[in-house]
Structures are given as C-alpha cells and as structure tokens.
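Biologist: I have a new model open and would like to go through it with you. Can you start with the sheet?

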Amino acid sequence: MLEKIKQNKIYKWLDNYWYHYKWVTLVTVFFVTVFSVLTAQMLTKEKPDATVLYGGPATLTASQTADLQLCLKSALASDYNGDGKKIVELESIVLMTEEQLDEAKEQAAEDSNILIYSSKALTDNQTTFAQLLMSGEQVLLLVDPEQYPDIRDSGGIVPLSELFEPSEMPDCAYDDCAVVFSQTPFARYFTATQVLPDDTLLCVLRESENSIFKGKEKAEKQYRQQLLMYYKIINFSKGKN
C-alpha cells in the first residue's frame, strides 16, 4: 500500500517540491501567519477615545495599567469616537536618569529582583518618548520632574495661564505649566493612581503640527475633546463625574 502511494504522481510531485522548496515554504508560511495575526489584531483592536502619555521611572504591570486606564476613563466626558465604548489608552514609557537607574538597581538587589533596564534600553525609550510627543496623538502628559524641564523649555507645554483665569489657578500647581498629579482631586479619590510616583506632573501638550495630517478640523476637535479630560481631572468632585 505504501509503495502504491509513493508511486502516485501527486505524491512524487509533492515529495520533489518539498525537497527543493522546504525552507522557502516554511519561511513563507511563517510570514503569512504573522501578517495574518497582526492584521487581525489591528482590525479588532478597540480605538481609544483618548491617549494619555506617561514618561517616568514607574514600571507598570499590565494590571496596574488597566486599573489606571479604567479610572482615567471616568474623566472622559463622552464616547468621542462614537463606537459605543469609552476607552482611554495609557502609553507608558520608562524613563530614568542615571541616578534613578542606580537607585532602581540597588532596590532590585535588595528585593532579589532582576532589573531589565539598561542605559541603552533607556536611551531607546527616550527616543520613543520624543517621537510620541511629536506625534500629536496625546494631549495629556504625565511626566517625571526630571524629564519635565526639557519639554517645558522647548515650548511644548501649554502654560496654566492659557488654561485658567488668574482666580481659578489650581492649588496643586507645580509651576506655571504643570500641576502635581497626586495632589489633584481626581488622584486623591482614585487609589489606582498611586502606582505613579507622588511627584509625577500633569501637563497639557500643545497641539502638534503633525496633527494636521488628520485634517485640521478633525485634529482640533480631538484636541478639544481630550482637553476636557484635563479639566475634569483638575475639577473632579465625587458624584459629579
């Protein structure tokens, strides 16, 4: 029976094909599978109504990120993109100074943990963070005070004077452009925000020139919508959000 199968023309063709093109076939199948999976993920991924960017020393777990996104969702005024769901995405980038990295290594050693970050990895993260800042996708920025001055001095942050009347300046103001996130009524109420360092700053990024690729009207509308989140965080009051 086996000999009859081996004598079959189709079997011979397949055997010859596999002998000559085995690796080409395997590589092709691999890339087709990966492409199919990535395409499926892109098509099924839920589009967020707002994206908040965090840059600082906190390394958030998937669970902590999910909890933080859930509480930030309560600051959304409505379902901005009209898909029937209110979703906030948190882009978290680990950024550390050399001093913070040394402290993290010492803490990891004390806790018998392995620190996965190196100077090179953090440099790569800094590049990613800069690209996200310029993308125009984020309006709200949560940032470590060590990273904040360069962003402020570049003119990328909206001064509080452009966001509030003089008599309405937040009590939690850090300087003329940022507020201390942990001191906002919102962060004081939601315990999920405690995964971020107490000195984390909250800022409003200026509308990026890159956002014009969305279309001026659409970009301005999305910017205003995300700006409403900022005011709801600053003016948060239990029972009114």
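Modeller: Five strands make up an open sheet, in the order E2-E1-E3-E5-E4, and the pairing is mixed. Two strands count as paired if DSSP finds at least two bridges between them.

Biologist: Which strands stand at the edges?

Modeller: Strand E2 (88-94) and strand E4 (179-180) do. Each has a single partner strand, so one side of each is left without a neighbour in the sheet.

Biologist: And in what sense do E1 and E2 pair?

Modeller: Strand E1 (residues 50-56) pairs with E2 in the parallel sense, over seven bridges. Gly56 is opposite Val94 in E2.

Biologist: Which strands does H3 touch?

Modeller: Helix H3 (residues 62-73) packs on the sheet and touches E1 and E2; its direction is at about 135° to that of E2. Contact means heavy atoms within 4.5 Å. The axes are lines fitted to C-alpha atoms, for helices over the stretch in contact, and angles between N-to-C directions run from 0 to 180 degrees.

Biologist: Which residues of H8 are buried?

Modeller: Ala219, Tyr223, Gln225, Gln226, Leu227, Met229, Tyr230, Ile233 and Ile234. Buried is under 20% relative accessible area, exposed is over 50%, and partly exposed lies in between (1.4 Å probe, protein chains only). For the protein, buried residues make up 34% of the 241 residues.

Biologist: Before we get to side chains, what are the ground rules?

Modeller: This is a predicted model, so to speak of local features we need pLDDT of at least 70, and side-chain atom pairs count only at pLDDT 80 or more, while totals for chains, interfaces and linings use all residues. Residues are numbered from 1 along each chain as its sequence is written, and side-chain values use heavy atoms, with hydrogens and water left out.

Biologist: Fine. How many salt bridges?

Modeller: The count comes to four, where a salt bridge is a side-chain nitrogen of Lys or Arg within 4 Å of a carboxyl oxygen of Asp or Glu. In one of them, Lys120 meets Asp124 at 3.2 Å, N to O. Lys120 and Asp124 are four residues apart in helix H5 (residues 119-135), about one helical turn. Lys120 is exposed at 60% relative accessibility, whereas Asp124 is partly exposed at 38%.

Biologist: What about Arg152, which residue does it bridge to?

Modeller: Arg152 forms a salt bridge with Asp175, with 3.3 Å between the closest N and O atoms. Arg152 is in helix H6 (residues 148-153) and Asp175 in the loop between H6 and E4, so the pair ties together parts 23 residues apart in sequence. Arg152, Asp153 and Asp175 are linked in a network of salt bridges.

Biologist: Where are Arg206 and Glu162?

Modeller: Arg206 and Glu162 form a salt bridge, the closest N and O atoms being 3.0 Å apart. Arg206 sits in the loop between E5 and H8, and Glu162 in the loop between H6 and E4, 44 residues apart.

Biologist: Back to H5. Which residues there are buried?

Modeller: Leu122, Asn125, Phe129 and Leu132. Seen down the axis of H5, they fall within an arc of 70°, so they line one face of the helix; the arc is that of the directions from the helix axis to the C-beta atoms. Lys120 and Met134, on the other side of H5, are exposed.

Biologist: What follows H5?

Modeller: Gly136, with a positive phi near 85°.

Biologist: Last one: what is Ala77 in contact with?

Modeller: Leaving aside neighbours within four places in sequence, Ala77 is in contact with Lys86, Leu228 and Lys232. Ala77 is in the loop between H3 and E2. Ala77 and Lys232 are 155 residues apart in sequence, and 8.1 Å apart in space, C-alpha to C-alpha.

How values were computed
Helix = DSSP H or I, 4+ residues; strand = E, 2+ residues; numbered from the N terminus.
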